[in-house]
2 protein chains.
Amino acid sequence: MPVAKGATIDPARTRAAIVEAAGPLLYERGIDGVGVAELCARLGVSKETLYRHFGTKDGLVLAVLEARSERVHGWTAAAAAAAGDDPADQLAAVFDALGEWYREPEFRGCAMVNAAAQHHDDPVRAVTGRHLDRYLDLLTGIAARAGVADPEGLARRLLMLVEGATVVAAHHGVADTAAQAREAALTLLTAERDGLLEA
Amino acid sequence: MPVAKGATIDPARTRAAIVEAAGPLLYERGIDGVGVAELCARLGVSKETLYRHFGTKDGLVLAVLEARSERVHGWTAAAAAAAGDDPADQLAAVFDALGEWYREPEFRGCAMVNAAAQHHDDPVRAVTGRHLDRYLDLLTGIAARAGVADPEGLARRLLMLVEGATVVAAHHGVADTAAQAREAALTLLTAERDGLLEA
DNA sequence: AGTTCATCGAACCGATCGGTACGATCTATG
DNA sequence: CATAGATCGTACCGATCGGTTCGATGAACT
C-alpha cells in the first residue's frame, strides 16, 4: 500500500508500489477486464494519484508490462547463468525456469503477448516486440557459445519453442509441457551442433 | 449481406452470413474492441436479429471461433493430405501452409489463443482447447506414420512449434518465421525417427 | 508557523457498453 | 387476401467505462 494520507516521503515509491500491485491484477483479469475505479480501490490509491503518475490507463499498462518484461528477463537470464558453463545446461535451465512458472496457479501465459493480442496498434506491441528481442538475445548467446553454425537461426527456432510452450501450457493445460519443450530444445541444439541436419 | 428486409428465405442463411462477416472484424479489432452496435452496422443486420440468433455477444463470439477453428483445421489437414505419402513432406506442408497464412496482411495470430487471452474463465477457453486438440491430432497422425517411438510426445513438441511460430510471426514480424519453424520441425522428426536423441 | 504538495475520497462528466422493446416492413405460406 | 414470422431501424435502458475536478488532510521543508 502506498502510504497513508499526506505527502509521501517519496512519490516515486508510490509509483513503484502502484506498478507492483497493479501487475498481478491486470495479468489475471486482463487489461480490459479491470476498470480504473476497481483498480484504484484494490490498490488503495485514488484516481487522481494514478492519473498524475501515469496520465492514462494505457500509461499504467505500459509501465506494468515493462516491469514484468524486465522481471521475466531477469529470471531466465539468472537461471541460465546459474547453470554453469555448458550451453546445453543453460538452455535446459531456461526451460526448467519456464516450467516453474507454468506451475504457478496464477500462470496465465505471457503477459506481453496477451496484452498485444488485445491492444493492436499501440505501443503495447512495441513492448512485446522488445520482450521477444530480449528472449532472442539470451538464446542467441547460448547458441553462440554452443558453437553452432547459425546461432541467430537456432535462437529464433528456440524462441518459438519458448513462446509455443507458454501458449500451450496456458491453453492446453498438460503438466509436463516445459519438459517436452526442453527435450525439443536440446534436440535442436544437439542436431545443429553436430551438423545432423541439412535435409 | 443477409438479404434485405422481410422474412428471409432461410434464417439459417442469415445466421451463417453473420458468422462469416463478423469473423474478420472481431479477429482484426479484438473481441472487446468492437461493440455490438458497430458490429451490427457493419454487418447490415439489426441488433434484434443478432440477439435472436445468438442470444448474447459471447454466443456470437463462440460461433465465430468455432467456425474459424474448423476452417483452420480444414486448411492444415488439406495441406498435409495434398503433400503425398511421406510424413516429412506432410509436416513440411503444414508449416508452408502456416507461412502463407502469416503472410496475409490481416494476419493477427491465432484467433482462438487471442480470444482466450482476454476471456478467461469462459467457454472460449474450451474452444481454444479443442482447437489445440485438433492440431495435436493432425500432428500425432503424421508422427505415427513416420514411425517414431513416441508419436504423442513428438506431436506435442511440434504443437509448440506451430503455436510458437504463430505467436512469433504475429508479434516479432520477421519474414521467414514459418520456414524456420519448418526447419525445426523436420529436425525434430528426423532426430526422433533415427533415434538420435536420448540425452 | 506557514508554505508546499502528494494524497484521499467522492462527486461528476460524456461516452459507450451489452441488451431490450416496439412499430413498421416485407416475404412466404395457405 | 390474410396470417405468420424474420427482419429493420430506432429509441431506450441501466451500468460501466476512462478521465476530471475539488475540498480536505497531513507530512516535509523553510
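**Figure 1. The annotated segments of chain A.** In an unreviewed entry, UniProt lists residues 12–72 of chain A as "domain: HTH tetR-type"; UniProt positions are given here in the numbering of this structure, feature names are shortened, and annotations may be inferred rather than shown by experiment. This is a predicted model, in which local features need pLDDT of at least 70 and side-chain atom pairs count only at pLDDT 80 or more, while totals for chains, interfaces and linings use all residues. Residues are numbered from 1 along each chain as its sequence is written, and chains are lettered from A and ligands numbered from 1 in the order in which they are written. Over residues 12–72 of chain A, the chain is 82% helix and 0% strand, where helices (H or I, at least four residues) and strands (E, at least two) are DSSP runs numbered from the N terminus. The end C-alpha atoms of this segment are 22 Å apart. For "DNA-binding region", also from an unreviewed entry, UniProt lists residues 35–54 of chain A. That span is 80% helix and 0% strand, and its end C-alpha atoms lie 15 Å apart.

**Figure 2. Chain A as a whole.** Chain A has nine helices and zero strands. Its C-alpha atoms fill a box of roughly 65 × 35 × 30 Å, taken along the principal axes. Of its 199 residues, 41% count as buried; a residue is buried if 20 or more other C-beta atoms lie within 10 Å of its own, exposed if 12 or fewer, and partly exposed in between, with C-beta atoms placed from the backbone. Two residues are in contact if their C-beta atoms, placed from the backbone, lie within 7 Å. Among the contacts in chain A with a separation of 6 or more, 59% are accounted for by residues 24 or more positions apart.

**Figure 3. Helices α4 and α6 of chain A.** Helix α4 (residues 57–81) of chain A and helix α6 (residues 111–118) of chain A pack at an angle of about 150°, with their axes 10 Å apart. Axes are lines fitted to C-alpha atoms, for helices over the stretch in contact, and angles run from 0 to 180 degrees between N-to-C directions. The two helices α4(A) and α6(A) are therefore roughly antiparallel; angles under 35 degrees count as roughly parallel, over 145 as roughly antiparallel, 65 to 115 as roughly perpendicular and the rest as oblique. Val61(A), Leu65(A), Arg68(A) and Ser69(A) of α4(A) make the contact with Ala111(A), Met112(A) and Ala115(A) of α6(A).

Figure 4. The 25 residues of helix α4 (residues 57–81) of chain B should span 36 Å at 1.5 Å a residue, which agrees with end C-alpha atoms 36 Å apart; the expected span is 1.5 Å times one less than the number of residues. The buried residues of α4(B) include Val61(B), Leu65(B), Ser69(B), Thr76(B) and Ala80(B). The axes of α4(B) and α7(B) come within 10 Å and cross at roughly 10°, so the two helices are roughly parallel. Among the residues that meet here are Val61(B), Leu65(B) and Ser69(B) in α4(B) and Val124(B), Val127(B) and Leu138(B) in α7(B).

Figure 5. Leu132(A) is found in helix α7 (residues 123–145) of chain A and counts as buried, with 25 C-beta neighbours inside 10 Å. Leaving aside neighbours within four places in sequence, Leu132(A) is in contact with Leu159(A), Val168(B), His171(B) and His172(B). The axes of α7(A) and helix α8 (residues 151–172) of chain B come within 9 Å and cross at roughly 125°, and the helices are therefore oblique to each other. Arg125(A), Thr128(A), Gly129(A) and Leu132(A) of α7(A) make this contact with Val168(B), His171(B) and His172(B) of α8(B).

Figure 6. The contact takes 39 residues from chain B and 39 residues from chain A. On the side of chain B that touches chain A, α6 (111–118), α7 (123–145), α8 and α9 (177–193) each supply at least two residues. Helix α8(B) gives the most to that side, with 13 residues. Leaving aside neighbours within four places in sequence, the residues in contact with Leu161(A) include Ala181(A), Met160(B) and Leu161(B).
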